Amino acid sequence: MKLSALQQTYAARRANSFRGSPLDSSADSPIKSPAGIFWLILHGLCCLISLVLGFRFSRLVFFLFFSTSTTTNLYLTPFRSATDLNIHSTSLSNPTVNLEIPVNKTASTTISTSSSRVVVGRHGIRIRPWPHPNPTEVMKAHQIIETVQREQRRQFGVKNPRKIIAITPTYVRTFQALHMTGVMHSLMLVPYELVWIVVEAGGITNETASVLAKSGLETIHVGFNQRMPTSWEGRHRMEAQMRLHGLRIVSKMMLDGIVIFMDDSNMHSMEFFDEIQNVKWFGALSVGIIVQSDKQDESSEELENPPIPAQGPACNSSNKLVGWHTFNALPYAGKSAKFIGDKTSVLPRKLEWCGFVLNSKLLWKDAEDKPEWVNEFDTLEVGDDALESPLFLLKDTSMVEPLGSCGRQVLLWWLRVEARFDSKFPHGWLIDPPLEITVPAKRTPWPDVPPELSTNEKAQTGNHEETSKLPAKTHSSRSRRSSRSKRKRHEPKVVDAQTSARHSDN
């Protein structure tokens with residue numbers, strides 16, 4: 001009795017819970033209500049659409065309602081071929097790309113004016129303009145920058161710049177093209193008037209003249225009738241005599257400007273040429289000395305407090321010249337190079353010429369306002385010992401004007417890097433005949449044309465050809481043997497036919 005009562009109460013509660021649902025229908029009636037049938041059909045339709053599209057229909061509806069009109073148009077338009085698309089770039093003011101999809105052959109409609117996209121799958125790709133700049137606009141930009149720099153130099157730079165007279169001693173060697181090309185490009189960047197006096201040991205050569213011709217500068221190329229020695233000591237002395245020869249040319253031609261001693265292997269900053277415009281008569285700058293050092297032989301104190309690799313003027317607190325700072329050559333005693341091309345270090349002189357600049361009027365015979373503390377250049381007799389530096393031109397060396405923040409700035413560097421004096425190099429660095437093949441290329445785009453060979457190469461190639469013909473002979477012998485074997489195979493067949501014919505006659 002209790003079990004039947006519980007079942008009746010459970011059935012009554014279940015009927016009451018489903019009575020208010022739109023899908024409700026009496027258990028006894030065979031036909032459901034119209035609202036339940038409608039929701040059932042809609043649910044089944046959504047399930048079918050979800051199965052076909054691969055994702056929920058609600059996401060697609062959300063994307064279509066909340067996407068931009070441009071993107072909607074792009075996704076709704078059918079795909080076109082490459083010939084139907086007209087992609088072009090606009091002016092620099094609007095550097096975007098327009099994607100035009102023509103509807104007819106006569107008329108076309110622009111899909112997007114602000115940005116263009118290409119549909120790939122479900123995403124759009126923006127087409128950006130060609131990344132390379134317009135060369136015309138680049139040249140205009142360079143001209144504007146040059147004009148601005150020229151105006152800044154005119155307002156804030158040197159008001160009345162003087163001509164620069166550069167004296168360079170040189171001679172033909174392996175590294176001459178390397179050094180002279182670097183000096184040439186440095187002088188080509190100088191924004192002032194310039195005269196380049198090149199004194200060449202052993203006379204004028206075509207190698208040096210070709211380098212000077214490429215510069216486009218005003219040059220004076222003279223020869224020196226002595227050949228350059230193979231020792232560093234002899235080279236230092238001869239280079240001093242060649243610089244003195246360049247000073248005589250300045251005095252004879254009465255060139256007006258600032259004389260600098262520009263060795264072909266030294267390096268100069270552009271601030272150097274601006275700083276020397278401040279000299280009045282005779283000035284000095286600090287020179288950085290680049291020397292290869294052997295740290296294994298140095299003591300611990302020298303490693304902790306290494307000497308400053310520079311030489312130049314030394315000043316006091318009031319920026320007055322009180323002495324000179326020279327390069328410390330004691331750690332290199334007995335280790336310096338003696339001949340050009342040695343692997344040991346090359347040491348500078350006590351005071352290098354490149355650290356001094358002077359007014360060319362000091363060399364003139366009759367110059368106005370010439371100071372009294374300067375020796376007469378025409379009547380001056382100079383020995384080899386006095387040519388250590390251009391200080392022999394002065395009676396009082398305390399009148400030297402320290403430049404470069406009183407020697408605190410290093411604006412040029414002294415360096416000597418040379419190959420052996422007997423090293424071989426191409427004449428004028430022109431390779432003729434062409435280079436030999438040391439590593440053959442796997443594939444070459446050039447036609448297979450046999451080059452002209454020398455007699456030795458022809459003899460070698462003849463031997464290779466004879467060896468290459470041997471496999472061909474073996475192949476021909478094999479073919480002959482095979483043909484003979486074939487003939488032998490056919491001969492018995494012929495005999496059998498003849499014997500069979502005789503037997504038939506009999």
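A disulfide is a pair of cysteine sulfur atoms within 2.5 Å. The exercises below use this cut-off on a predicted model.

**Exercise 1.** Decide what the sulfur of Cys-47 is too far from for a bond.

*Solution.* Find the closest cysteine sulfur. It belongs to Cys-46, 7.0 Å away. The cut-off is 2.5 Å. The distance is therefore too far for a bond. Cys-47 itself is partly exposed, at 35% relative accessibility.

**Exercise 2.** Identify the one disulfide of the structure and give its handedness.

*Solution.* Start with the sulfur atoms. Those of Cys-315 and Cys-406 lie 1.7 Å apart, and the two residues form a disulfide. Cys-315 sits in strand β13 (residues 310–315) and Cys-406 in helix α11 (residues 404–407), so the pair links distant parts of the chain, 91 residues apart. Then take the torsion about the S-S bond. It is about -110 degrees, so the disulfide is left-handed. Last, check accessibility. Cys-315 has 21% and counts as partly exposed. Cys-406 has 10% and counts as buried.

**Exercise 3.** Show how the buried residues of helix α7 are arranged.

*Solution.* List the buried residues of α7 (residues 206–215): Glu-207, Thr-208, Val-211, Leu-212 and Ser-215. Look down the axis. These residues fall within an arc of 130 degrees, so they line one face of the helix. Finally, find the cover. The elements over the buried residues include β6 (164–170), α6 (176–188), β7 (194–201) and β8 (218–224).

Terms used: Residues are numbered from 1 along each chain as its sequence is written. This is a predicted model: local features need pLDDT of at least 70, side-chain atom pairs count only at pLDDT 80 or more; totals for chains, interfaces and linings use all residues. Side-chain values use heavy atoms; hydrogens and water are left out. Buried means under 20% relative accessible area, exposed over 50%, partly exposed in between (1.4 Å probe, protein chains only). Helices (H or I, at least four residues) and strands (E, at least two) are DSSP runs, numbered from the N terminus. The arc is that of the directions from the helix axis to the C-beta atoms. Contact means heavy atoms within 4.5 Å.
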